[in-house]
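Thanks for coming, everyone. I'll take salt bridges and then a cavity. Here is the model.

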Amino acid sequence: MPERLRCLLVLLLWLRGTDSFYVPGVAPINFHRNDPVEIKAVKLTSSRTQLPYEYYSLPFCQPTKITYKAENLGEVLRGDRIVNTPFQVSMNVEKKCEVLCNFPNKPVTLTVEQSKLIAERIREDYYVHLIADNLPVATRLEFYSNREEEEKKKEKDVQFEHGYRLGFMDGNKFYLHNHLSFILYYHREDVEENQEPTYRVVRFEVIPQSIKQEDLKADEKGMCTLPEATGSAPQEIDPSKENQMLFTYSVHWEESDIKWASRWDTYLTMSDVQIHWFSIINSVVVVFFLSGILSMIIIRTLRKDIANYNKEDDIEDTMEESGWKLVHGDVFRPPQYPMILSSLLGSGIQLFCMILIVIFVAMLGMLSPSSRGALMTTACFLFMFMGVFGGFFAGRLYRTLKGHRWKKGAFCTATLYPGVVFGICFVLNCFIWGKHSSGAVPFPTMVALLCMWFGISLPLVYLGYYFGFRKQPYDNPVRTNQIPRQIPEQRWYMNKFVGILMAGILPFGAMFIELFFIFSAIWENQFYYLFGFLFLVFIILVVSCSQISIVMVYFQLCAEDYRWWWRTFLVSGGSAFYVLIYAIFYFVNKLDIVEFIPSLLYFGYTALMVLSFWLLTGTIGFYAAYMFVRKIYAAVKID
């Protein structure tokens, strides 16, 4: 026992370590003094509208030539549109205050339409996201934690907010952050004595300020003077008229001890890791405790059942009893719609393989946030290539269920779930297009995704289905009677919906804390990087779904109801129902979404998540129950 505990502790400590270790997606760039450090813009985001916009959708200062970075699939799907900006930043060169565009005697004039647009974006709480040397800009937030009074005076807690606020509101007035104070941190690399020192960018912060044009005191050379903090008025944007202003910036460099390999730690640090740890350990303990109890009950009851059923001198008594042995002639009777069942299970296998590989690879640190869009790109390609496994399992099951039309079954497997996903995404995309958001998937990307679906996934599903259908069907230990047995009237608690409610609690309870962090990452533009924890939770989810599924199918067969195929698939996915309830709770309590289209996007994408989660957990539960049923009927003697 102490050895097991030691192994578990080592595993947990290793998993804890994986949330900060990562293999960077890019090689470090060494800068010399005065080398240009390019500042690029990514997008504008808001958790209130869930609609990202590209940087130049607002009338910011533009460089002479606008150049967009070539993006991968994940970046396009996330709505990133990385573009160059006119900020002139050089390594380790300070700038007090400089006008960004136009001459001081000719300030930027915003038209009424542009003023209205900026005011609307400020009201919608938009953030601007910039990057320098692939590091996202962050705003430092300092606050006092709940400590003792003496400690309060000494130490502040520091947290970082991704991006910076476009502006702020005071009453009914709108103010734009038109001055940006960039604070860049560099790490001096060790070089030989006679060599020029090299630097690496390790942190990128910004302090946004709103300063009225008259207070900036710009001269003819484009330099400006920042006013004292107390004496300056903010730059107001009046949406009912034209507005004049200056866009300015300053650059400050600081040396840092942070090494290049650890520079993302600032962004990935969670404020409540302690809570996270306790919740995960609590989930592990509760799930394994309950799993142990369920296993003991099932194993003890089953041993008793099998011993009773196999007593040859009591055969007549046994046959008069009720129990799961009585339905042996019907338990493997093929269900209704075997093609649809096998197709859904095939898609479930595809999802299972994809999620397992993605979480495992991310846990090893190979999909760090520095490789933008890598996670989503990997997930898309893996789902396509896992079609061969989905097809194989679906084909073999379809043959076991006495199916004959394998070509139609393969087509159904390749198109049913992906077709629903594509259909919902296309409808949502039309609404995003209507809002001119950068979150809308461009038409060429949509065509590329269709080509991947019909050019990679479909042939691979057909290939897998062909070999699965040709393989020997699953060996069922008992023969099926020609005449179906009559099913006795079932108790109220054997109702399908009651089963879904009962079966979903345990798997959902094991993962709902992790769900909060995932929702925050998706809907509130946070970084999610605790894949070590997520891998652990995924394993717990698989174990708990399997356990619950076995218990539910055992009770169903004891009640002499042999229609378990579809029911097990539906009931095992019961935790998806709780995920839906939680998503509604999260929407009402955590998000500040009021408009129709953002709400539609939230519930559209939530529907996809719930459907995928139901397929995943339903498939895990189905295969666990199928193995269990074959095992118990192989253990009893049937005349």
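Start with Arg-563, which forms a salt bridge with Asp-561; their closest N and O atoms are 3.2 Å apart. The term here means a side-chain nitrogen of Lys or Arg within 4 Å of a carboxyl oxygen of Asp or Glu. Arg-563 is exposed, at 52% relative accessibility. Asp-561 is buried, with a relative accessible area of 5%. The cut-offs: buried is under 20% relative accessible area, exposed is over 50%, and partly exposed is in between, with a 1.4 Å probe and protein chains only. There is also a network: Lys-43, Arg-78 and Asp-80 are joined by salt bridges that share partners.

Some ground rules. This is a predicted model, where local features need pLDDT of at least 70, side-chain atom pairs count only at pLDDT 80 or more, and totals for chains, interfaces and linings use all residues. Residues are numbered from 1 along each chain as its sequence is written, and side-chain values use heavy atoms, leaving out hydrogens and water.

How many salt bridges does the rule give? The count comes to 13. Side chains of opposite charge can pair when their charged atoms come close.

Next, Arg-188 and Glu-255. Their salt bridge has its closest N and O atoms 3.6 Å apart. Arg-188 lies in strand S12, residues 179-188, and Glu-255 in strand S16, residues 248-255, so the pair ties together parts that are 67 residues apart in sequence. Strands here are DSSP runs of E, at least two residues, numbered from the N terminus. Arg-188 is partly exposed at 36% relative accessibility. Glu-255 is partly exposed too, at 48%.

Now Arg-121 with Glu-124. Here the closest N and O atoms of the salt bridge are 3.3 Å apart. Buried or exposed, Arg-121? Buried, with a relative accessible area of 7%. Glu-124 counts as buried as well, at 10%.

On to cavities. The structure holds 3 of 30 Å³ or more. A cavity is a set of points on a 1 Å grid over the protein atoms alone where a 1.4 Å probe fits but cannot get out; lining residues have an atom within 4 Å of a point. Points are joined across faces, edges and corners, and volume is the space filled by probe spheres set on them.

Take the second largest cavity. Its space is about 90 Å³. The lining includes Tyr-55, Phe-60, Cys-61, His-177 and Asn-178. By class, the lining has 8 nonpolar residues, 3 polar and no charged. Nonpolar covers Ala, Val, Leu, Ile, Met, Phe, Trp, Tyr, Cys and Pro; charged covers Asp, Glu, Lys and Arg; the others, Gly among them, are polar.

Note on methods: On a 1 Å grid over the protein atoms alone, a cavity is a set of points where a 1.4 Å probe fits but cannot get out, and a pocket is an open set with protein on both sides within 12 Å along at least five of seven lines; lining residues have an atom within 4 Å of a point. Helices (H or I, at least four residues) and strands (E, at least two) are DSSP runs, numbered from the N terminus.
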